[in-house]
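Hi,

Here is the structure I said I'd pass on.

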Amino acid sequence: MSESAKLSFKGQEFEFPVITGTENESAIDIAKLRSESGLITLDPGYKNTGATKSAITFLDGEEGILRYRGYRIEDLAEKSTFLEVSYLLIYGELPTQSEYENFSKEITHHTLVHEDIKKILEGFPSNAHPMGVLSSLICALTAFYPDSLNPNRNIEEVNLSIIRLIAKMPTFAAWAYKNEMGHPVNYPDNSLDYCSNFLKMMFALPAEKYDVDPVVSSALDKLLILHADHEQNCSTSTVRIVGSSQASIYASISAGINALWGPLHGGANQSVIEMLEAIKADGGDAKKYLDKAKDKNDPFRLMGFGHRVYKNFDPRAKIIKKAADDVLEKLGVNDPILEIAKELEFAALNDQYFIDRQLYPNVDFYSGIIYRALGIPTDMFTVMFALGRLPGWIAQWKEMRENNEPIGRPRQVYTGANERDYVSMNRR
Ligand code: SDX
């Protein structure tokens, strides 16, 4: 028996169907709300509004649960690899051995980028933020692969674009870093696995032998898994809405990169480290910064804390916090910032302001500490987030296109001037 919800307005009663998902989440289907009642809903930030039905990622903010295609994030982080998780998110099932080998071979075959990309890269000053470089280079793929401009073309074309994105994003990310360092770029080394190839492109220097530390590549692989998807977050919603106009997947992903850049979203991992360094430079007084975060007259927020959905521990933060201890110990890194982070976390979790608002550490609170230990510079942290989130963006874009979803076009409540006549300038 299907459920429904009633609405009464101005003496009229309206009834709308309620749909329930596979994890018993329910939503009022308001497709006919305006045509039947003349009303629309208003929900800035979409805090209570579902934009779509999706079979990709499930998260329960109250229980701190995160699953990709039904698989627990804890299991995938411990037992899987980033490429296997990418396949799972995009195609819906864990690959067989031969499916995985074919997928991995396809990606390896496409890591190289057109030499003319270097001309675009050279146009960026060395102080260009790597996120701006990355989103520009991804959008530039539309120029090198014009067949991608019509995503309705055929599934083979879309799948080739998907492979190209996963294969070339590490190359672009490493090249953005080399541009910032003023170093020559490194070409991909197809004898290496996904993360090792990226690390070598990032850190290898001419005339010097570079061996990838397996501890570093393994830690990076785990971090990419933890960032791979997160249902309808800000950047994923951006990818979906850009894709809903039938723009190419490259244009949609480029838009997602820009949305992720903001400090309230993926840019938080960079802001967390900048915050922790500021606390350290200021004598390490965690309480002073907690008080600033609580002060409504102070724009300062405790970066890496709080979440739109998680009102409990972000399961990714738990995994990353443990990994931070493991990786720093294995690498013999003693980073005082980690201790400051732990003191800040302890103080916040025991502070009524944070308890009342259910503010817990999120994925960004500890991730930067590991990236630092891996030798990745702070302004590359959000690029790492984008590298991890790429398969999630692709999976969500693909689902939106396969479900033939309509163009995204929200309504509004107008609060501006009522009708008035134009007055010529000499009479104003
Ligand atoms: C990511 O959506 C996703 O899934 C995102 C993500 C993903 O994987 O894609 O998980 C990745 O973006 C993680 C979040 C990274 N951002 C930060 O760490 C920035 C700091 N956090 C906040 O800015 C905030 O918590 C947000 C943006 C994450 C969530 O904001 P909401 O849901 O809009 O909540 P809100 O701003 O309405 O805050 C509710 C209350 C407010 O106080 P009151 O007005 O009720 O008194 O909590 C307070 C806020 O002032 N608050 C904070 C705070 N976060 C919320 N106060 C101090 N420090 C904070 N960090």
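**Salt bridges, a charged patch and cysteines**

R240 and E405 pair through their side chains in a salt bridge, at 3.7 Å from N to O. This pair ties together distant parts of the chain: R240 sits in helix α10 (residues 234–243), E405 lies in the segment after α18 (381–402), and 165 residues separate them. A salt bridge here means a side-chain nitrogen of Lys or Arg within 4 Å of a carboxyl oxygen of Asp or Glu. Helices are DSSP runs (H or I, at least four residues), numbered from the N terminus.

Before you read on, this is a predicted model, where local features need pLDDT of at least 70, side-chain atom pairs count only at pLDDT 80 or more, and totals for chains, interfaces and linings use all residues. Residues are numbered from 1 along each chain as its sequence is written, and side-chain values use heavy atoms, with hydrogens and water left out.

Is R240 buried or exposed? R240 counts as buried, at 6% relative accessibility. The cut-offs are under 20% relative accessible area for buried, over 50% for exposed, and partly exposed in between (1.4 Å probe, protein chains only).

In total, the count comes to 22 salt bridges. Here are two more of them:

- D211 and K209 meet at 2.6 Å, N to O. D211 is exposed at 55%, and K209 is exposed too, at 71%.
- D291 and K287 also meet at 2.6 Å, N to O. They are 4 residues apart in helix α13, so about one helical turn separates them. K287 is exposed at 54%, while D291 is partly exposed at 32%. Salt bridges with shared partners join K287, D291, K294 and D351 into one network.

There's also a patch of positive charge on the surface, made up of K47, K296, R301, R308 and R357. Patch members have over 30% relative accessible area and no salt bridge, with like charges joined within 9 Å. One of these residues, K296, falls in the loop between α13 (286–294) and α14 (315–331), and K296 is exposed at 64%.

How many disulfides does a search of the whole structure find? The search comes back with 0, a disulfide being a pair of cysteine sulfur atoms within 2.5 Å. Take C234: the closest cysteine sulfur, in C139, is 18 Å from its own sulfur, so that is too far for a bond. C234 is partly exposed, at 47%, whereas C195 is buried, at 2%.

Cheers

Conventions. Patch = residues over 30% accessible without salt bridge, like charges linked within 9 Å, V, L, I, M, F, W, Y side chains within 5 Å. Areas by Shrake-Rupley, 256 points an atom, 1.4 Å probe, with all protein chains shown as cover. Lys, Arg positive; Asp, Glu negative; His and termini not counted. Charge placed at Lys NZ, Arg CZ, Asp CG, Glu CD. Helix = DSSP H or I, 4+ residues; strand = E, 2+ residues; numbered from the N terminus.
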